[in-house]
Protein chains: 2
Amino acid sequence: MKDVALAAGVALKTVSRVVNGEPGVHPATAERVREAIDRLGYSRNESARVLRAGRTSTVGLVIEDLADPFYSALGRAVEDVVIGQGCLLLSASSSEDPVRERELVRTFCARRVDGLIMVPAGHDHSYLCQELEAGTPAVFADRPPGPGLDVDTVLCDNAGGAALATRHLLAHGHRRIAFLGDDPSIFTAARRLHGYRSAMGHLYDERLVAMRTPAPGSVRADLERMLALDRPPTALFTGNGRLTVTALRALAGRPMALAGFDDFELADLLTPGVTVVAQDPAGMGRIAAELLFRRLSGENDPPRHVTLPVRLIPRGSGELPP
Amino acid sequence: MKDVALAAGVALKTVSRVVNGEPGVHPATAERVREAIDRLGYSRNESARVLRAGRTSTVGLVIEDLADPFYSALGRAVEDVVIGQGCLLLSASSSEDPVRERELVRTFCARRVDGLIMVPAGHDHSYLCQELEAGTPAVFADRPPGPGLDVDTVLCDNAGGAALATRHLLAHGHRRIAFLGDDPSIFTAARRLHGYRSAMGHLYDERLVAMRTPAPGSVRADLERMLALDRPPTALFTGNGRLTVTALRALAGRPMALAGFDDFELADLLTPGVTVVAQDPAGMGRIAAELLFRRLSGENDPPRHVTLPVRLIPRGSGELPP
DNA sequence: GTCCCGGGTGACAACGTTGTCCCCCTCACC
DNA sequence: GGTGAGGGGGACAACGTTGTCACCCGGGAC
């Protein structure tokens, strides 16, 4: 910038004015400056601008796994909003590890991101209070913050969706409906279990429930165990996309009515098509980002809690008779 | 930092020394400083550090679409390497738009990213020369840079993979093998067409080739046209994952031998399983990131061009008889 | 007692911007 | 011709760090 000023025969500040399109520069002077900028290939140093302005125009996104279709769709939607607002997106995957999550948040905050969007892994987010007080807003998506923290949150109707799927299977005559869920310490898994349980009512049987981190081996073992029961399940409700796919592989063609939480590509092309409760990851990301920018533009209302609707997509697998 | 210095009764520089773990600070002093840091909740301002140091410890990633499974897997691998190196990842999707791509690169460079990893959309990357000369290395992944630019590049064996799939179909007795590819202006699409064509040899028939941006309607139309020929195709080779899925939907159960470029989740669960040529997006991302960091650590060799192998995964669809 | 050495510490400048304030010049008006 | 207004431009400080250099003081060698 100094060089440009020298080349154009003006002061530093005048170059700054031209670069920022500020008024009060003679057109001829501005032209001279622009010409010098082009000639020298100058581009403003955003680091310095940021240092001066105090705002980085950067948003941090912490998700579980960028490579998971659900989160990558969410991330893409966040990205679009963020870039539409003239900001950039720093993204990082926590791999469902609270320690790593905290480390990432710390790093983001040291970089002075303007705001955070989080799919939290842990249950203790008290460490965020300090940042929030320091003026870095955060929005939680997919899962709420731990106790003691109340910020903007976007969730889907986990319990309602699970009940919807369960009732769908019930309506097709099933009474023995198994539920495979993720680790119950994960908010969404617990809520879906709750929805399933309340829809099952007196038909609920603990032996038909298995909740743990999805892995091919454990899913297979859980299914085998249930199928060996006196009154084995005739239908299966899987608590997230990964579990649905894992269960499909474990079933290996054995006929079983099936409904899954989360839609996934190709669910319609399998035989039979897989009935799912679909949520909208892109919508979730978009809304979370919009809430964040509302905060950034100074909104000071109490935290908002948005619950997105889900919808049942019957495709055949949930309509098999017992 | 000034406040911390004041609170601990030391000079600014001493706080800086403690924060950076520099030697030459009396343990007792250091302890006092650390205590003040904790009490005031101080965290170093990276923007200022960056301004001073000239390095941002940030890498920019420009890909086509973060929500696409192929690119999100690549992005995740890049992210892991980048974070492993103590840097952060800025990511953005070009949506296959050269103008947007250029805009994103410009923005990244204005932020002084240390390096760029790109899946290029356009064919003219001369605009990068300036940045490269300014010391911002770039690595291209999946597709090479346009003419006149030579930098580290990681590709997969597109032509070889396409030939592999084509020969697989030929080996199963097919002579009329159609090829659905993406827009031929996309490097990978052109190379795959080349591989298909050379494997087909004298059997090549232009009427069995359709190259354009995948869309359900156009794929269906192309298939209808080919199936209406005197000698319709008995097998189909699709040029990327999206096309494979779109074609599967368009075929709607009509029997047809099929092989596709790119593996995708559930390919094994369809009936029949979909035979694919699999590449390794995570490996591609990892290697691209590693090449970048090699440059960042001062390596000055001529640009490297890495070609990753692909492998055929027969699953049934490619083994159907004519 | 003087000198030197070196560990511990601090003052200052610089990174590249931008906000604030001030200056100068021109022109119109009295 | 003097004066005021206002547009165009510049000097300077500040953002929060860190590299450079200089300082102070205690202890050991002569």
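This report covers a predicted model, from its DNA-facing surface to its sheet, helices and chain contact.

## Ground rules

Local features need pLDDT of at least 70, side-chain atom pairs count only at pLDDT 80 or more, and totals for chains, interfaces and linings use all residues. Residues are numbered from 1 along each chain as its sequence is written, while chains are lettered from A and ligands numbered from 1 in the order in which they are written.

## Around DNA strand C

There are 23 residues around DNA strand C. A residue counts as near if its C-beta atom, placed from the backbone, lies within 6 Å. Met1(A), Asn45(A), Ala48(A), Ala11(B) and Thr29(B) come nearest.

Both chains supply helices here. α2 (12-19) and α4 (46-53) of chain A, and α2 (12-19) and α4 (46-53) of chain B, each give at least two residues. Helices (H or I, at least four residues) and strands (E, at least two) are DSSP runs, numbered from the N terminus. By class, this surface has 10 nonpolar, seven polar and six charged residues. Ala, Val, Leu, Ile, Met, Phe, Trp, Tyr, Cys and Pro count as nonpolar, Asp, Glu, Lys and Arg as charged, and the others, Gly among them, as polar.

## The sheet of chain B

Six strands of chain B form an open, mixed sheet in the order β7-β6-β8-β9-β10-β12. Strands pair if DSSP finds at least two bridges between them. β7 (209-211) and β12 (311-313) of chain B are at the edges with a single partner strand each, so one side of each lacks a neighbour in the sheet.

β9 (257-261) and β10 (275-278) of chain B pair in the parallel sense over three bridges. Gly260(B) stands opposite Val276(B) in β10(B).

## Two helices of chain A

α8 (158-171) and α9 (187-200) of chain A pack at about 40 degrees, with their axes 7 Å apart. Axes are lines fitted to C-alpha atoms, for helices over the stretch in contact, and angles run from 0 to 180 degrees between N-to-C directions. α8(A) and α9(A) are therefore oblique to each other (under 35 degrees is roughly parallel, over 145 roughly antiparallel, 65 to 115 roughly perpendicular, the rest oblique).

## Where the chains meet

The contact takes 40 residues from chain B and 40 residues from chain A. Residues are in contact if their C-beta atoms, placed from the backbone, lie within 7 Å. On the side of chain B that touches chain A, α5(B) gives the most, with seven residues. The residues of this side divide into 19 nonpolar, 12 polar and nine charged.

Terms used
Two residues are in contact if their C-beta atoms, placed from the backbone, lie within 7 Å.
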